[in-house]
Amino acid sequence: MTRSEPQTEAYDLLVLGSGEAGKYIAWNEAASGRRTALIERRYIGGSCPNIACLPSKNIIYSASVAHLAGQAAQFGLHPAEPGVEMETVRGRKRTMVDGLIKVHEGRFARTGVELIRGEGRFSGPRTIEVALDGGGVRVLTAEHVVISTGSRASIDPIPGLVESAPLTHVEALELGVVPAKLVVLGGGYVGLELAQAFRRLGSEVTIVDRNQRLLSRVDEDVAEAVTRSFLREGIELVTGARVTQVEGRTGEQVVLYLEGGQGTPRVSGTHLLVATGRIPNTQGIGLEAAGVALTAAGFVQVDECLRTTAEGVFAVGDCAGSPHFTHVAFDDHRVVRETLAGRRRVTTGRLVPSCLFVDPELAQIGLSETEARKTNTPYRLLKLPMASVLRAVTTGHTEGFLKALVGVDDDRILGFTALGSSAGEMMATVQLAMSAGLPYTALRDSIFAHPTYSEGLVYLFSAAPTRVV
Ligand SMILES: Cc1cc2nc3c(=O)[nH]c(=O)nc-3n(C[C@H](O)[C@H](O)[C@H](O)COP(=O)(O)OP(=O)(O)OC[C@H]3O[C@@H](n4cnc5c(N)ncnc54)[C@H](O)[C@@H]3O)c2cc1C
Ligand SMILES: NC(=O)c1ccc[n+]([C@@H]2O[C@H](COP(=O)([O-])OP(=O)(O)OC[C@H]3O[C@@H](n4cnc5c(N)ncnc54)[C@H](O)[C@@H]3O)[C@@H](O)[C@H]2O)c1
């Protein structure tokens, strides 16, 4: 008996993966009348609302409440009996995620995007075969296709690592128990945020990183301040370490054998979290059949308008090698939207902010001091301790500093770093000034409400040495 081949169904637009850029492109195009389908194998709305940004910030917030509760006496309150119910912490996160999924489903329905649940794979140019979740196959083709398949946690080929069944962020954010002793491999964004959160929820935590210091790409004074605050909270750090072997199983007992690492031969724990970077989801999805080329690093090769090497096919977000942030993926959607509309918007020259959600928070935009020195860019340096920001004095959150680089030939703001409470919010104000090309004096001379954290910007920029004309 021969099985009949599924008929090819024609669309105006197909999107593979429902991450940030992909979903917005789909919603936008469908709302303007194009017949659009989006294929998603698991996470409605992509990683951000399901397994990444938002659930991690939800759990980080629970951890910060636990941390504050531990300091109750300082605020004149009777200290609460310490105790974290991780199942409740997880329940709060799950409720949020369920709500976000409903919001996404509503938007798919309202905009008229056909949401197809299944695993998609190119079978030819602008043609995708979908193995449907409920069984069966559909073959879809379209005038335009957007690849928005994201990335996943990378697991290095270290002997015994896979066998130890380590947690990635996905499993760590689903824990119903607080690990007694958590080893975090990788002290980057994911590692630092989750290490501090689990420490505050009650775990003993050790971070192991191959670099000589944490945050190797940020200015030394910033990295030192973050390191100090981590050590003060009792987080152990082993840097400059190469893991040669892993033994045991996560959830029971794991041992990491090290070379380097300031002479620490091994670290052990009950749980291992791997946070050593990302791998783009670009393998096994038939990109060869679609005529879509990859870069040497495995990202989809794109031009400044996010067009791939195949006519009519775009790639966006992590899989296209855009800086791995949800706000950048969102901007990728604008680039494709404008390109589809025949207008020009590009990815080059974007001012990309970042915010690391540790406490104190670390927000950065533009040029760092390290980059300025590397590129021989002259600058005036302004620095203000958070202890001089009156809002911080009222809350007691005085750790950290504000730092800005201002031009020497003009008054442009070249870069800004905030390490402190509400750092991300303060950065947004500076970012707006930078993108509008305003001189630093516009912030210096503004009237910001007192006492807000942003008021600190007035004091920071008032400290600028006068430009020699
Ligand atoms: C723990 C963690 C915390 C983070 N926190 C932040 C933060 O605070 N702020 C920030 O800006 N960024 C943060 N990021 C980064 C951010 O999550 C990513 O940059 C962003 O989600 C990338 O979006 P994307 O659209 O490229 O991919 P994704 O959101 O990963 O979407 C890709 C989607 O495609 C689907 N898919 C893949 N292949 C197929 C296929 N063959 N068929 C069907 N569907 C498929 C996947 O299931 C997924 O839903 C964090 C990342 C992690 C891991
Ligand atoms: N707040 C945010 O915006 C946020 C939060 C989480 C993640 N993200 C995004 O997700 C990306 C991925 O995060 P990540 O933390 O997985 O990667 P990362 O690149 O930020 O950090 C990886 C760290 O692991 C270390 N490392 C790599 N291999 C190692 C090994 N074998 N042994 C020891 N150390 C090793 C690296 O030296 C580095 O410090 C980030 O770059 C960021 O773009 C953003």
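Guide: Just after helix 1, G33 takes a positive phi of about 95°. Helices here are DSSP runs of H or I with at least four residues, strands are E runs of at least two, and both are numbered from the N terminus. This is a predicted model, where local features need pLDDT of at least 70, side-chain atom pairs count only at pLDDT 80 or more, and totals for chains, interfaces and linings use all residues. Residues are numbered from 1 along each chain as its sequence is written, and chains are lettered from A and ligands numbered from 1 in the order in which they are written.

Visitor: Moving on, at what angle do helix 3 and helix 4 cross?

Guide: The axes of helix 3 (residues 53–70) and helix 4 cross at roughly 145° and come within 9 Å. Axes are lines fitted to C-alpha atoms, for helices over the stretch in contact, with angles from 0 to 180 degrees between N-to-C directions.

Visitor: Which residues make that contact?

Guide: Helix 3 supplies L54, P55, N58, I59 and S62, and helix 4 supplies V89, R92, K93, M96, V97 and L100. By class, that contact has seven nonpolar, two polar and two charged residues. Ala, Val, Leu, Ile, Met, Phe, Trp, Tyr, Cys and Pro count as nonpolar, Asp, Glu, Lys and Arg as charged, and the others, Gly among them, as polar.

Visitor: Where is I285?

Guide: I285 sits in the loop between strand 14 (278–280) and helix 8 (287–290). I285 is buried, with 21 other C-beta atoms within 10 Å.

Visitor: What does I285 touch?

Guide: Leaving out residues up to four places away in sequence, I285 touches R121, F122 and T149. I285 and G120 are 165 residues apart in sequence, yet 7.0 Å apart in space, C-alpha to C-alpha.

Key:
Two residues are in contact if their C-beta atoms, placed from the backbone, lie within 7 Å. A residue is buried if 20 or more other C-beta atoms lie within 10 Å of its own, exposed if 12 or fewer, and partly exposed in between; C-beta atoms are placed from the backbone.
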